[in-house]
Amino acid sequence: MIPQTHLEGLLTELHTRLQAVLPTRDRVHALLEAVVSVGGDLDLDTVLRRVAESAATLAGARYAALGLIGEDHTLARFLPVGLTESEIARIEHWPHGLGLLGLLVEDPRPLRLARISDHPASYGFPPGHPPMTGFLGVPVRVRGEPFCVLYLTDKRGGGAFDDDDEAILVAFAAAAGVAIENARLYEDTRRRETWLRASAEITTSLLSGAETPRVLTMIAGHALRMAAADAVAILLPEEGGRTLRVAITDGEIVGAAARERPLPVEGSLAGQAFVHAEPRAVADLGGTGLLTVAGEAGGTGAVCAVPLGAPGSVRGVLSLSRRPGRVPFSPGEVRMLHSFAGHAAVALELDEARRDAERLGLLEDRDRIAKDLHDVVIQRLFAVAMTLTGAARLEERPETAARLLTAIDELDGTIRQIRTTIFALRSTAGVRGLRARLVELVEGAREPLGFLPALRLEGQLDTRVPAGVGDHLLAVAREAISNVVRHAHAGRASVTVRLEQDRLTLVVEDDGVGIPATGRRSGLRNLCDRAESLGGSCAVETLATGGTRLCWSVPLPPTSQGGAAP
């Protein structure tokens with residue numbers, strides 16, 4: 001028989017040991033529940049937040065945070081737990097991975113402190129950060145490499161973190177690393193599927209002959225979603241590559257003014273990507289002095305610009321922006337976007353090749369039509385004119401002979417017009433020559449005049465007239481037509497541009513009120529000055545039948561011309 005007093009002692013000791021074991025059993029159960037919780041989801045952001053929340057619960061911490069280590073060994077992302085919205089709003093900026101937090105990044109081993117400020121590596125807290133005392137940090141490894149760091153501060157109920165807290169947090173970090181790796185693999189797989197779907201859609205559109213703006217819009221939309229950006233823009237060069245024009249935009253932080261405003265290549269992030277044919281990314285545009293599409297409208301957040309095309313053949317820039325306070329673009333995201341931007345370059349190259357093919361086909365058609373006009377139509381008209389000339393010589397009645405000569409003159413004028421058309425057909429397709437600009441100028445006068453002026457163009461205007469002389473001619477024609485609109489009150493007007501031998505002549509006539517005896521003539525003086533600067537002349541006269549006739553004529557440099565067939 002065990003004495004009563006001895007039995008009571010044994011029962012007391014057993015009860016004491018059970019009381020000591022129960023908390024450990026509860027913490028093991030809590031650890032298992034935390035592991036199951038973080039491993040029960042495949043969304044990476046959800047897993048990371050659950051890891052931070054579970055770690056705070058396991059160690060009884062008031063605050064917890066998860067810092068993701070970037071490729072430059074700084075904190076690329078910081079996820080806090082335990083702070084209210086108002087406390088978060090008061091913090092000027094999140095830690096960048098310096099001081100005590102950076103120590104755990106550089107030396108990924110558990111670190112436990114009773115007071116944060118006692119450690120020599122402590123830099124203090126950012127402005128607006130709530131005060132914190134106790135500290136416990138452990139690394140979270142993925143495939144043996146540190147992926148992020150768990151930070152815990154201020155144990156609930158006071159006191160400091162102990163050995164048990166550190167041990168259980170180290171065990172939890174090992175399990176959390178497995179869950180994070182699974183979520184990363186799932187996210188990579190999902191990203192590849194998104195990439196493949198986007199690539200297939202874009203490739204199908206390109207092969208089906210979709211218009212370039214539609215393909216670029218599709219590329220911009222996919223890039224916006226894949227990079228989780230707030231705004232995207234595709235910029236194309238203009239003015240000889242000195243500025244970038246916003247061709248396509250998507251997202252919320254690009255204002256209407258930014259869409260209309262050209263972006264200078266010099267001094268802009270997109271310009272750097274365009275000139276150097278390499279991706280450019282900044283974590284915060286503020287303080288860099290660089291311009292960007294969304295810089296004024298969307299603040300100074302993270303910006304990434306990737307070139308469209310290989311070095312030597314960059315055709316534009318894909319620019320993406322995130323709002324201030326959001327995570328910067330990681331090097332992996334920049335590489336993905338750079339690869340994806342190749343589709344936009346292919347779209348632009350295909351569009352240019354398509355336009356070249358269309359221009360080539362148009363040139364071939366024009367050349368064929370020009371040959372037919374020259375070899376068939378002109379020859380027949382010339383033969384008819386020769387026949388009529390012989391008939392006019394044999395005709396004894398003056399009235400009939402006069403009519404035949406009039407018909408011959410009309411045929412000669414028709415032949416000259418056809419030759420002029422042949423010159424125009426053989427000019428470079430797709431280039432707005434002098435003839436096209438004159439036609440556009442005259443057609444623009446239809447609405448203010450109330451009628452369309454007659455237009456007659458003769459000679460090789462697109463090939464013989466130098467660019468400088470052509471600009472003077474257009475300016476004179478514009479001023480003359482403007483005078484007809486403002487002063488003539490005409491019901492009919494005509495514009496004739498003739499290139500004969502080595503002289504270019506512009507004649508503008510109207511049936512209006514004529515030139516008043518008094519009034520300002522500064523506009524006419526300018527026309528004469530233009531003619532005299534080129535060694536020519538300008539004359540304005542009032543017609544006997546009413547109206548005004550302006551004749552502006554300048555010489556052209558001589559050119560050797562061989563004899564042409566009729």
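Author: Apart from neighbours within four places in sequence, Leu-100 is in contact with Leu-111, Leu-113, Ile-116, His-119, Ala-121, Ser-122 and Phe-135, contact being heavy atoms within 4.5 Å. This is a predicted model, in which local features need pLDDT of at least 70, side-chain atom pairs count only at pLDDT 80 or more, and totals for chains, interfaces and linings use all residues. Residues are numbered from 1 along each chain as its sequence is written, and side-chain values use heavy atoms, with hydrogens and water left out.

Reader: Why is Leu-100 called buried?

Author: Buried means under 20% relative accessible area, exposed over 50%, partly exposed in between (1.4 Å probe, protein chains only). Leu-100 has 7% relative accessibility, so Leu-100 counts as buried.

Reader: What makes helix 11 and helix 14 roughly parallel or roughly antiparallel?

Author: Helix 11 (residues 434-443) and helix 14 (residues 467-488) pack at about 15°, with axes 11 Å apart. Angles under 35 degrees count as roughly parallel, over 145 as roughly antiparallel, 65 to 115 as roughly perpendicular and the rest as oblique. The two helices are therefore roughly parallel to each other.

Reader: Which residues of helix 11 make the contact?

Author: Leu-434, Arg-437, Leu-438, Leu-441 and Val-442 make the contact from helix 11; the helix 14 side includes Gly-470, Asp-471 and Ile-481.

Reader: Which residues of helix 8 are buried?

Author: In helix 8 (residues 269-276), the buried residues are Leu-269, Ala-270, Gly-271, Ala-273 and Phe-274. Just after helix 8, Ala-277 takes a positive phi of about 55°.

Terms used: Helix = DSSP H or I, 4+ residues; strand = E, 2+ residues; numbered from the N terminus. Axes fitted to C-alpha atoms, helices over the stretch in contact; angles between N-to-C directions.
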